[in-house]
Amino acid sequence: MSTPQLVVHHDKELMAQAAAARLITKIVDSQASRGSASVVLTGGRNGNGLLAALAAAPARDAIDWSRLDLWWGDERYLPEGDPERNVTQARAALLDSVPLDPERVHAMPASDGPHGTDVEAAAEAYAAELAKAAGPENHGSVPTFDVLMLGVGPDTHVASLFPELPAVRETERTVVGVHGAPKPPPTRISLTLPAIRAAREVWLLAAGEDKAEAAAIALSGAGEIQAPAAGAYGRARTLWLLDSAAASQLPRSLYPPASP
Ligand SMILES: O=C1O[C@H](COP(=O)(O)O)[C@@H](O)[C@H](O)[C@H]1O
């Protein structure tokens, strides 16, 4: 387990640009040292803001897009192409404008795919895809992702792990179907906390006033069942990327307010 480190940016635009620059560097470094890179994307406003900032960054051309594996932390279980699907939004923000290898874009299944309404079967299929990609050097049945990004919800949810729901209590499986999510749509697929913790680096993104309470709770010693964001950490690094609004309720010991 790595102790969370905090980086607070002035506003959400700057946060998105700085996080995009950080991600470019991380991908380029991973490709240089291991030949390829693997990144887990998040949905939500902050995740999509980062992808849009990456699309606009000239340095995006430093990435060898053909040697990048993309995975998702969660998906809203909706038909292919639905505008609310995380992959649809990621495609619009960035993926459609860069030369990715389609074989390395590992979208989660859609509700009109081979598993139909059986979200458990869809989750199992994604777990099998992850297991296939995991090599002997990996720890368990998921690849060691270079970076796994998570948007933090106002209720402290990450991926589709909502407080107190069964998915956040999962200790064995790497991917689960989620039923009755409090945020629409109610049916989703999510990586579990054990799968998230297999990543080298976990980056939690929180921008905006509506994330301030969630960040303060998750970073103040809350339990992961009540505050799933508190249970998301990487093997080597856990990084919270915030804007000043989201950092405004953090305990002074974590983020002292700027002196006048
Ligand atoms: O529904 C979801 O919400 C969270 C957070 O989204 P935000 O818009 O409040 O930033 C996101 O991390 C997750 O991937 C997504 O499915």
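Strands here are DSSP runs of E at least two residues long, numbered from the N terminus. I keep that in mind for the entries below. The model I looked at is a predicted one.

Entry 1, the largest pocket. I looked up its volume, which is about 280 Å³. I found 15 residues in its lining, with Ser 36, Ser 38, Asn 138, Pro 143 and Thr 144 nearest the centre. Strand 2 (37–41) and strand 3 (68–72) each give at least two residues to this lining. By class, I noted five nonpolar, five polar and five charged residues there.

Helix 2 and strand 4 are the elements that supply two or more of the lining residues. Helix 2 has the largest share, four residues. I sorted the lining into four nonpolar, nine polar and six charged residues.

I counted 14 residues around the ligand, the closest being Arg 45, Asp 74, Arg 76, Lys 183 and Lys 211. By class, the shell has one nonpolar, seven polar and six charged residues.

I found a backbone N or O atom of Gly 43 at 3.0 Å from a ligand oxygen. For side-chain N or O atoms, I noted 3.1 Å for Arg 188 and 3.2 Å for Asn 86. The protein covers 98% of the 390 Å² of accessible area that the ligand has on its own.

Notes:
Residues numbered from 1 in each chain as written. Predicted model: local features only at pLDDT ≥ 70, side-chain atom pairs only at ≥ 80, totals over all residues. Heavy atoms only, no water. Near = heavy atom within 4 Å. Polar contact = N/O pair within 3.5 Å; in protein donor to acceptor, adjacent residues only side chain to side chain. Areas by Shrake-Rupley, 256 points an atom, 1.4 Å probe, with all protein chains shown as cover. Nonpolar A, V, L, I, M, F, W, Y, C, P; charged D, E, K, R; others polar. 1 Å grid on protein atoms, 1.4 Å probe; cavity = no way out; pocket = protein on both sides within 12 Å on 5 of 7 lines; lining within 4 Å. Points joined across faces, edges and corners; volume = space filled by probe spheres on them.
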